[in-house]
Amino acid sequence: MNVTVSNLTDHEAHWLAPYAMHSAETAGREHDEPLHPYRGPYQRDRDRIVHSSAYRRLAHKTQVFTGVKGDYHRTRLTHTLEVASIARTIGRVLRLNEDLIEALALMHDIGHPPFGHAGESILDEFTHDWGGFNHNQHAIRIVTELEYRYPEFPGLNLSKEILAGQQIRYKRRNDRVQCPPLLEVQVVDAADSIAYDAHDADDALELGLLELDNLLAVPLWEKAVRQVESRYTALDTKPFRRAVIHQLIEMLVSDLVESSCHRLEKSGVDSPRAVTQSATRIIAPSEAVFNQKTELEKFLFAQVYRHPTVLAERTIAGEALREMFQHFTQCPEKLPESARKRLEIDGVARVVCDFLAGMTDRFALEEHRRQKEP
Ligand code: MG
């Protein structure tokens with residue numbers, strides 16, 4: 001048996017579309033490394049991410065709902081896995097590089113602090129004078145500096161395409177005029193949005209923050225309901241809800257694939273370079289679905305993300321982070337040794353911010369409780 005990376009190169013040459021990113025065309029890594037005998041560069045990136053401690057901690061970090069209310073709802077890790085699953089499906093239909101897609105998807109939320117966006121705004125507020133805090137930017141810091149797994153270099157030494165893909169997530173908010181990223185990056189962004197629209201609605205229903213009937217005011221949801229009703233009669237509430245969520249994802253993914261295929265054809269892009277030079281993103285829903293999706297998101301924002309229960313949990317979490325930030329900046333000697341080592345390089349505010357951002361929800365609450373003990 002002769003298994004080598006050249007098998008992968010042949011397989012990609014045969015299978016991938018011309019506009020897909022081929023592993024053989026990678027710009028490489030910051031620190032040169034010999035090729036692996038049988039894993040391609042993006043497979044190695046995926047494995048490095050999966051074996052990182054920041055990735056494992058996603059299991060105990062809030063997506064939208066903290067662990068106070070049972071264990072049905074998504075964590076940051078299960079959200080990440082749903083994004084990877086949806087993104088790979090889309091990538092395979094469009095004959096894109098699934099290894100690259102998977103690595104990008106598994107990494108995309110690795111920079112999230114505990115307590116979701118509440119945690120992020122608190123850390124951003126506290127580090128305002130030192131450049132602020134953004135989870136997308138922090139993800140890059142984790143994989144280039146903070147993870148320490150290899151004696152030869154800091155970080156994970158990921159392929160440049162992975163770093164560029166993550167960088168664009170950060171820049172997107174700050175820079176309105178920019179070239180579109182690789183299609184693999186665009187697919188992960190689209191899959192992220194489909195995943196959270198569907199699972200945030202599902203989790204909110206399970207937790208009783210919403211009733212099924214409330215969502216009927218949203219045309220996209222109503223359409224999914226009608227399709228489920230045309231197939232099943234008299235389903236109980238829970239199986240019905242799950243069928244609607246499945247239908248919603250199916251509708252969003254199918255529309256995205258169809259509309260993206262259409263744009264691919266129309267744009268005539270025939271290489272990753274042509275993709276990044278095109279005027280707009282190619283992986284996008286149809287205009288009708290985009291508008292309906294926006295309506296669903298507005299609804300979720302008002303009814304779920306601003307729900308008093310969610311806001312109350314955020315306040316508690318925010319307060320814990322605030323107090324711990326003050327505690328550690330006043331007593332940096334209480335930081336763990338790995339963090340203290342960085343004090344001279346990064347300064348106390350950034351080091352404390354990194355340490356807090358790395359905490360899981362439960363570690364943060366436990367540490368906060370310990371600090372409050374007399
Ligand atoms: Mg996400």
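The buried residues of helix 18 pack against helix 6 (116–126), helix 7 (135–146), helix 15 (308–330), helix 16 (337–340), helix 17 (343–346) and helix 19 (361–372). Contact here means heavy atoms within 4.5 Å. Buried means under 20% relative accessible area, exposed over 50%, and partly exposed in between, with a 1.4 Å probe and protein chains only. Helices (H or I, at least four residues) and strands (E, at least two) are DSSP runs, numbered from the N terminus.

Some housekeeping. This is a predicted model, where local features need pLDDT of at least 70, side-chain atom pairs count only at pLDDT 80 or more, and totals for chains, interfaces and linings use all residues. Residues are numbered from 1 along each chain as its sequence is written, and side-chain values use heavy atoms, with hydrogens and water left out.

Back to helix 18, residues 348–358: nine of its 11 residues are buried. Among them are Arg350 and Asp354, along with Val351, Val352 and Phe355.

Now the whole chain. There are 19 helices and zero strands. The radius of gyration is 22 Å, close to the 21 Å from the globule rule for 374 residues, so the chain is as compact as a globular protein of that length. That radius is taken over C-alpha atoms, and the rule is 2.2 Å times the number of residues to the power 0.38. The C-alpha trace spans about 60 × 55 × 45 Å along its principal axes. Of the 374 residues, 52% are buried. Among contacts with a separation of 6 or more, 72% are between residues 24 or more positions apart.

Arg29 sits in the loop between helix 1 (5–15) and helix 2 (41–50). Is Arg29 buried or exposed? Arg29 counts as buried, because its relative accessibility is 10%. A polar atom of its side chain lies 2.8 Å from the backbone oxygen of Asn157. Not counting residues up to four places away in sequence, Arg29 touches residues including Pro41, Arg44, Asp45 and Arg48, and also Leu158, Ser159 and Lys160.

Last, Ile249, in helix 12 (residues 237–267). Ile249 is partly exposed, because its relative accessible area is 22%. Leaving aside neighbours within four places in sequence, Ile249 is in contact with Ile86, Ile194 and Ala198. Ile249 and Ala198 are 51 residues apart in sequence, and their C-alpha atoms are 6.6 Å apart.

Notes
A polar contact is a pair of N or O atoms within 3.5 Å; within protein, one must be able to donate a hydrogen and the other to accept it, and residues adjacent in sequence count only if both atoms are side-chain atoms.
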